[in-house]
Amino acid sequence: MGSMNWERRGRATANGAAALLAGVAAIALSALSAHAQQATQPAGKQPDQSKKTDQEKATPAGATLLDKILVLSRTGETAIESLASASHVDQEQLDRRMATTPNEMLFGVPGVAAQADARRVSTSINIRGLQDFGRVAVIVDGARQNFQRSDHGTQSTFYIDPELVKSVDVIRGPVANTYGSGAIGGVVFFDTKDAQDFLKPDESWAGSVTGRYESNGKGWTSSASGAYRVSENWEVLGNIVYRDYDNYKDGDGDTVNGTGFDVLSGLLKTTIRPTENSELKLGWVGSSDGWDETSGGVPVNDIDLKSNTFTARYNITDEDKSWLDLHINTSYNKTHLGLTSLVPQNRFDPVTGLPVVLPAGSQSTFDVGTTGIDIWNTSRFETSGIAHELSYGGDWVGDDVKTGGAAGGDSFYTPSGKRNVSGAYVQDKLTWDWLEVIAGLRYDSYSLKNDTHDISGDGLSPRVTVGVSPFESAGLAGLQFYGTYAEGYRSPSITETLISGNHPAGVSFPFLPNPNLRPETGKTTEFGVNYKQNDIFEAGDALRLKAAYFNNDVDDYIDGVTLSPFAPGSGCPFGPGIPICFQYQNFAKARINGVELEGVYDAAWGYAGLSASITKGHTVSYKGVEADLATIPSSQVTAQLGLRFLEDKLTVGGEVQYNGKPKGNAVATDYTLVNAFASYQATDDLKVDFRADNLFDVKYANPLNGGTTVAVYEPGITLKLAATMRFGG
C-alpha cells in the first residue's frame with residue numbers, strides 16, 4: 001500500500017480520535033460538575049442500595065461471571081456449578097463490549113462463533129462447528145428464533161438489538177436438550193431487560209438515555225428507556241433504539257459495500273407478581289431493519305425486515321420451592337422479509353429453467369411464524385440422604401413458512417410449508433456428598449408438510465452425567481471432575497426436505513427435494529473439570545476455571561451436495577442445460593471434537609480472563625469418504641485484562657484474540673485482534689464508555705463466510721464513544 005494511503009488513513013484515524021477524545025473531555029467535565037452537585041446533597045437523598053436482586057443475593061463475595069445463575073437453568077445453578085460447558089455474559093460485560101450486532105455480544109465465549117457476512121444485522125450462531133436449521137437453539141425471552149432464507153452463506157438468521165439485552169447464557173452440546181428439540185449444537189438464550197434493571201428501590205419511575213458514535217461507518221445509536229412501578233408487585237418497561245450506519249471500511253481502508261443499515265428496535269415488558277410465590281412476565285420485542293444487498297459491489301436488492309416477538313412467562317412455586325417450581329412459557333415470533341430488486345436482473349424461471357429478466361421493482365417475500373409452548377416443573381426432595389432435583393416437562397414449536405413473489409425471484413428457493421416439533425423429557429439430578437449424577441431421557445417427534453409431502457418421525461435421546469468432588473483440602477476443595485454422554489435429535493427442516501426449482505442466477509441447475517431425509521442424531525461424549533477458589537492471594541479475590549474435551553458424532557448429518565447427471569442413480573435428470581443438480585442428503589456422520597477453556601481471576605484491583613477453543617471436524621460419507629466440514633470456526637484464544645481505579649468508578653483494559661485458520665478453508669487466514677476499552681461511572685446517574693475495536697487495523701475475513709461467493713472483510717479500526725444518563729424519582 002502506498003505511503004499516501006497510509007497518510008490518508010492516519011489523518012482520518014487521528015481526526016476521529018481527536019473528536020472522540022474531545023467528546024470524552026466534555027462529558028467528563030460535565031460529570032465532575034454533576035458529581036460536585038451530588039456531593040452537596042444530604043445523605044438522606046442518596047439512593048438506597050440495600051436491596052439486591054435474587055441473583056445478587058445468590059452470588060458470594062469475590063464472585064465472577066461464572067458464579068452468576070444461568071437464566072435458562074432448569075435447576076437454578078450457576079455456570080461454575082454446571083456439569084456442562086456453560087457460559088454467562090452479564091450486563092457489565094455487554095456494556096463493555098458496546099455491541100452493535102448480536103455476534104459482538106458473544107466475543108470470547110469459547111466454542112461459539114457467529115456468521116453475519118455483509119448482512120451484519122442478521123446473525124447465525126455456530127456452536128462447536130454446528131449451525132443453521134435449528135442445530136443451535138436461539139431463544140429470546142423463551143421464544144425460538146427460526147427464521148430461514150435460502151442463500152449463499154448464512155441460512156438461519158435472527159436479530160436482537162444488543163441495547164435491549166441484559167444477559168446471554170450459552171450451553172454447548174446436546175446436554176441442552178431439555179430446552180427444546182433439535183439443539184444438537186447447543187442453546188443461546190438472550191434475556192432482555194426488566195423494569196427492575198432501571199428502578200432503584202425507592203423510585204416509582206426511572207428513565208435512561210444513551211447516545212453513541214462509531215467512527216467506522218459513521219454510525220449513530222440512540223436509545224431511550226422508561227420504567228414505571230405501578231405498585232409494589234407490578235412494573236412496566238419501555239425501550240426504543242435507533243441505529244443508522246453507513247458502509248464500514250476494512251483493514252486496508254477499502255469501503256465494504258452493502259454493510260450499511262438502519263434499524264429501529266423496541267421493547268415493552270411488564271412484570272406482575274400476583275402472590276409472593278408467583279410471577280408473570282409479558283413482553284414484546286420488535287425491530288424494523290433495512291439494508292442493501294450487493295452483487296459485485298453494486299446494490300441489487302433493497303431489503304426490509306420486520307420482526308415481532310411476543311412472550312408470556314409464568315412461574316409459581318410452593319413456599320420452599322420443594323415440590324412445585326412450575327414454569328409455563330408461551331411465545332409467538334413473526335418475521336417478514338421483503339426483497340425489492342433495484343436493477344433488472346438476469347434470472348432463470350424456477351419451473352422451466354428458461355432465462356427471464358427480473359425487472360427493477362420486482363418483489364419477493366419471506367414470512368415465517370413460529371409458535372411455541374414450553375412447560376416444566378422441578379421438584380426437590382431427599383431419599384435416603386440423597387438430594388433430588390427432578391425436572392420434567394414438554395414443549396412444542398410450530399413453524400409456518402410462506403414465501404412468494406415474481407417468477408425467478410429468490411423466494412421460490414425457500415419453500416413454503418408447515419413443521420411441528422414436540423418433545424417431552426424427565427431428568428433427575430442426584431447429589432450425595434462428593435457425588436453428583438444427572439440422568440435424563442427426552443422423546444422428540446416431528447411432522448412437516450406442504451401441498452405434496454407429509455413427513456414425520458420420532459426418537460429418544462438419553463443423557464447421563466457423573467460428577468465427583470473428591471478432595472477436601474483447602475486448596476483442592478473446589479475441584480470437580482465430570483463425564484457426560486448425551487444425545488440430541490434434530491428433525492430435517494422444511495428447506496432441507498422440500499427445496500425445489502432452478503438456481504436463480506449465474507448457471508441454471510435444478511434443486512431436488514429429498515423427502516427421504518433422516519433426522520440427525522448428535523452423540524456427544526464430554527469430559528470436563530470445574531474449579532473455584534476464593535481468598536487465594538488476598539481477601540475477597542476469586543478464581544474460576546472451566547475446561548472440557550468433547551467428541552460429537554452426528555449420525556445422518558445433513559448437508560448440501562452437487563450431483564452429476566452422468567452418475568448412475570444420482571437422481572439428477574440428464575438433459576440439455578443441466579450441468580449438475582443440488583440436493584440436501586444425509587452423510588453417515590459428521591465427526592467433531594475439540595477442547596474448551598474458560599477462566600477468570602477477579603480481585604479488588606481488577607480482573608484477568610482467558611478463554612480458548614479448538615474445534616476440528618469432518619464429514620464421512622456412507623462409503624467412508626472424509627471431507628472437511630465447512631462450518632468449523634477458527635481456533636481461538638482470547639485474553640482479557642481490566643484494571644479498576646477511583647473506587648471502582650473507572651475501569652480500563654484490553655482484549656487480545658488470536659484466530660487460527662480452520663483446516664481446508666479457502667478464504668481464512670490466521671489473524672490477531674487487539675481491542676481496548678474504558679468505562680467511567682462519573683456519578684450514580686452518568687456513565688461514559690469508550691472502546692477501540694481492531695486497534696491495529698487488521699484486514700481479515702470471517703472463516704465461516706468461506707462458502708460464500710465473495711469474501712466479505714470485517715471492519716477495520718473502529719472507535720466508539722457513548723454516554724448514558726439515567727434519572728428517576
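Predicted model: local features only at pLDDT ≥ 70, side-chain atom pairs only at ≥ 80, totals over all residues.

Analyst: Residues are numbered from 1 along each chain as its sequence is written, and side-chain values use heavy atoms, with hydrogens and water left out.

User: How many helices and strands does the chain have?

Analyst: Helices (H or I, at least four residues) and strands (E, at least two) are DSSP runs, numbered from the N terminus. On that basis the secondary structure comes to five helices and 36 strands.

User: What share of the residues is buried?

Analyst: Buried means under 20% relative accessible area, exposed over 50%, and partly exposed in between (1.4 Å probe, protein chains only). Of the 729 residues in the chain, the buried share is 54%.

User: Where is E163, and which side chain of opposite charge is nearest?

Analyst: E163 sits in the loop between β5 (143–144) and β6 (165–172). Lys and Arg count as positive and Asp and Glu as negative; His and the chain ends are not counted. A salt bridge needs a side-chain nitrogen of Lys or Arg within 4 Å of a carboxyl oxygen of Asp or Glu. E163 is buried without a salt bridge, and the nearest side chain of opposite charge, 4.1 Å away, is R212.

User: In which strand is K334, and what is its relative accessible area?

Analyst: K334 belongs to strand β14 (residues 325–341). K334 is partly exposed, and its relative accessible area is 33%.
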